[in-house]
Amino acid sequence: MPATIKSHVINARWIVPIVPQGKVLENHSILLEDGVIKDILPTKNLNGGYGQMEMTNLPDHLLTAGFVNAHIHSAMSLFRGYADDLSLSEWLNHHIWPAEARFVNQRFVRDGTTLAVAEMIASGTTCAADTYFFPEVSAKVFEENYFRAQVGIPVLQFSNAWAKSEKEHIIKGLQFYENIRGHSLISAAFSPHAPYTVTDLGFQQVFEQATNLGIPIHLHLHETKQEVETGLIENGRRPYTRMRELGLLKADLQTVHMTELNDEEIESLYENQIHVVHCPESNMKLASGICPVNKLIENGVNVALGTDGAASNNDLDLLAEARSAAFLSKVTSGCPSSVKAEEALSMATINGARLLGLDERIGSLEIGKCADIIAFDLSGISFQPIYNPISQLIYAANGQDVTHTWINGECLYKDKKFTKLNLFQLKGRVESWQKKLGGHE
Ligand SMILES: [Zn+2]
């Protein structure tokens with residue numbers, strides 16, 4: 001007997017397929033079959049055969065591709081609001097790292113990652129590039145919640161709850177990679193933390209292993225001016241130059257932040273086809289600096305968006321990040337047409353997919369791609385009148401306007417309710433961490 005084919009039709013007022021950029025389809029339908037987009041057609045052309053299928057009618061909604069959060073530390077959601085209004089170095093050295101040393105364990109990572117997954121699903125993110133300790137635990141949480149993720153293998157020279165040395169991080173990382181290899185939703189990357197927390201030897205070993213396995217490297221780089229100045233004093237060269245000399249500047253390098261870049265470095269990013277993750281809200285909150293997105297885009301560099309951890313943001317709303325990226329680029333470049341609404345939407349979707357090497361499968365609504373789809377209800381008063389749905393989405397909506405989220409065709413969020421995740425249980429666990437971290441237990 002043939003296996004049952006799971007089919008589903010979604011009828012929507014607007015569909016924004018992302019590719020080609022700026023296109024809007026009105027009164028169209030998407031046909032899903034076994035997690036894949038089979039067709040996109042005018043709703044009036046649906047014929048009788050579709051009547052047998054499960055159907056979702058979204059008459060006031062905009063449908064688009066699920067967002068790709070290209071940089072997050074999911075488990076750090078438990079540190080949301082734990083230490084605010086500080087510089088990166090003070091925040092890390094005096095608050096986050098001591099708290100991590102005290103509290104982080106497998107249960108912390110399980111509960112923090114689940115909290116992040118819930119927030120992402122409810123605000124339209126369907127794929128994330130995550131990095132934190134105990135990657136095997138986060139990968140399990142992503143898998144159990146049907147969430148798509150690139151899970152970073154952390155590498156640091158400092159001892160922590162997961163590993164005691166750079167070498168141990170790499171050994172454990174290789175075991176982790178073996179366990180998830182070939183998974184349909186989860187992939188792995190090496191994630192050396194930053195130039196100031198990893199030795200030259202550590203970087204060389206990471207590069208060697210990543211090249212052997214054919215997996216990307218995900219790295220915080222040039223997050224602040226201070227990082228670049230300290231690098232110059234300690235190593236006699238800018239961290240970017242040090243990474244070049246260590247051989248890291250290869251096509252699948254994912255660099256995060258990049259607030260300090262000279263023209264030569266921008267050219268080199270393009271020449272080496274290196275991706276940049278822009279985290280505007282985390283950079284603004286920590287007063288880290290501003291990534292020159294306008295120049296990067298002009299020079300053909302692929303720029304994706306990340307929230308960073310909720311501890312420095314303090315939410316995981318990628319749509320808000322897209323708006324911040326657009327506004328920040330306009331004000332810093334002095335050009336109102338810098339990062340237009342449709343460009344911001346591409347940064348939140350297809351550019352992130354490209355960075356992860358997943359642009360053949362996700363990042364846009366096209367026939368043959370995975371059905372990672374989100375829906376926004378635009379019936380509210382603050383969206384009227386609707387001349388340009390993409391403009392309303394970027395400049396007037398936020399993650400809380402998401403009503404439905406599908407990953408691989410699986411509906412995980414329906415009419416603003418989780419279909420699988422147990423919110424009641426999650427809230428109970430988060431509350432007990434709040435008591436513990438807040439010193440009430
Ligand atoms: Zn980060």
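Trainee: Which residues coordinate the zinc ion?

Mentor: Donors are N, O and S atoms within 2.8 Å of the metal (3.2 Å for Na, K and Ca); water is not among the atoms, so sites may look incomplete. In this structure the zinc ion is coordinated by NE2 of His71, NE2 of His73, NE2 of His220 and OD of Asp308, at 2.1 to 2.3 Å. Please note that this is a predicted model, in which local features need pLDDT of at least 70 and side-chain atom pairs count only at pLDDT 80 or more, while totals for chains, interfaces and linings use all residues. Residues are numbered from 1 along each chain as its sequence is written, and side-chain values use heavy atoms, with hydrogens and water left out.

Trainee: How are the donor residues of the zinc ion spaced in sequence?

Mentor: Their spacing is H-x1-H-x146-H-x87-D. Histidine 71, in strand β5 (residues 67-72), and aspartate 308, in the loop between β12 (303-305) and α11 (318-333), are 237 residues apart, and this pair links distant parts of the chain. The helices (H or I, at least four residues) and strands (E, at least two) are DSSP runs, numbered from the N terminus.

Trainee: What is the geometry of the site of the zinc ion?

Mentor: Four donors count as tetrahedral if all angles lie between 85 and 135 degrees; four count as square planar and six as octahedral if opposite donors are over 155 degrees apart and all others between 65 and 115; anything else is irregular. The angles among the four donor atoms of the zinc ion are 85 to 173°, and the site is irregular.

Trainee: Is aspartate 308 buried or exposed?

Mentor: Buried means under 20% relative accessible area, exposed over 50%, and partly exposed in between (1.4 Å probe, protein chains only). Aspartate 308 has a relative accessible area of 5%, so it is buried; histidine 71 is buried as well. Asparagine 27, however, is partly exposed because its relative accessible area is 44%.

Trainee: In what order do the eight strands of the open sheet stand?

Mentor: Strands of a sheet pair through backbone hydrogen bonds, either parallel or antiparallel. Two strands are taken to pair if DSSP finds at least two bridges between them. The order here is β3-β2-β1-β4-β13-β14-β15-β16, with mixed pairing. At the edges stand β3 (36-42) and β16 (417-418), each with a single partner strand, so one side of each has no neighbour in the sheet. Within the sheet, β13 (residues 373-377) and β14 (residues 402-407) run antiparallel and are joined by four bridges. Isoleucine 374 has threonine 405 in β14 as its bridge partner.

Trainee: Which residues have the most contacts inside the largest nonpolar core?

Mentor: A nonpolar core is a set of buried Ala, Val, Leu, Ile, Met, Phe, Trp, Tyr and Cys residues joined through side-chain atoms within 4.5 Å. The largest one has 128 residues, and Leu63, Trp91 and Phe108 have the most contacts inside it. Helix α2 (residues 106-122) gives the most to this core, nine residues. At least three residues come from each of domain 1 (7-66 + 371-418) and domain 2 (67-355), with bounds taken from an automatic or database domain assignment. Leaving out residues up to four places away in sequence, leucine 63 touches residues including Ile10, Trp14, Leu365, Ile374 and Trp406. A second, separate core has 14 residues, among them Val256, Leu355, Leu358 and Ile362.

Trainee: How many of the eight residues of helix α12 are buried?

Mentor: Six are buried, so helix α12 (residues 341-348) is largely enclosed by the rest of the structure. They are Ala341, Ala344, Leu345, Ser346, Met347 and Ala348.

Trainee: What is serine 138 in contact with, leaving aside its neighbours within four places in sequence?

Mentor: Contact means heavy atoms within 4.5 Å. Serine 138, in helix α3 (residues 135-144), is in contact with Val109, Thr113, Asp130 and Phe133. Serine 138 is buried, at a relative accessible area of 1%. By contrast, threonine 230 in helix α6 (residues 225-235) counts as partly exposed because its relative accessibility is 31%.
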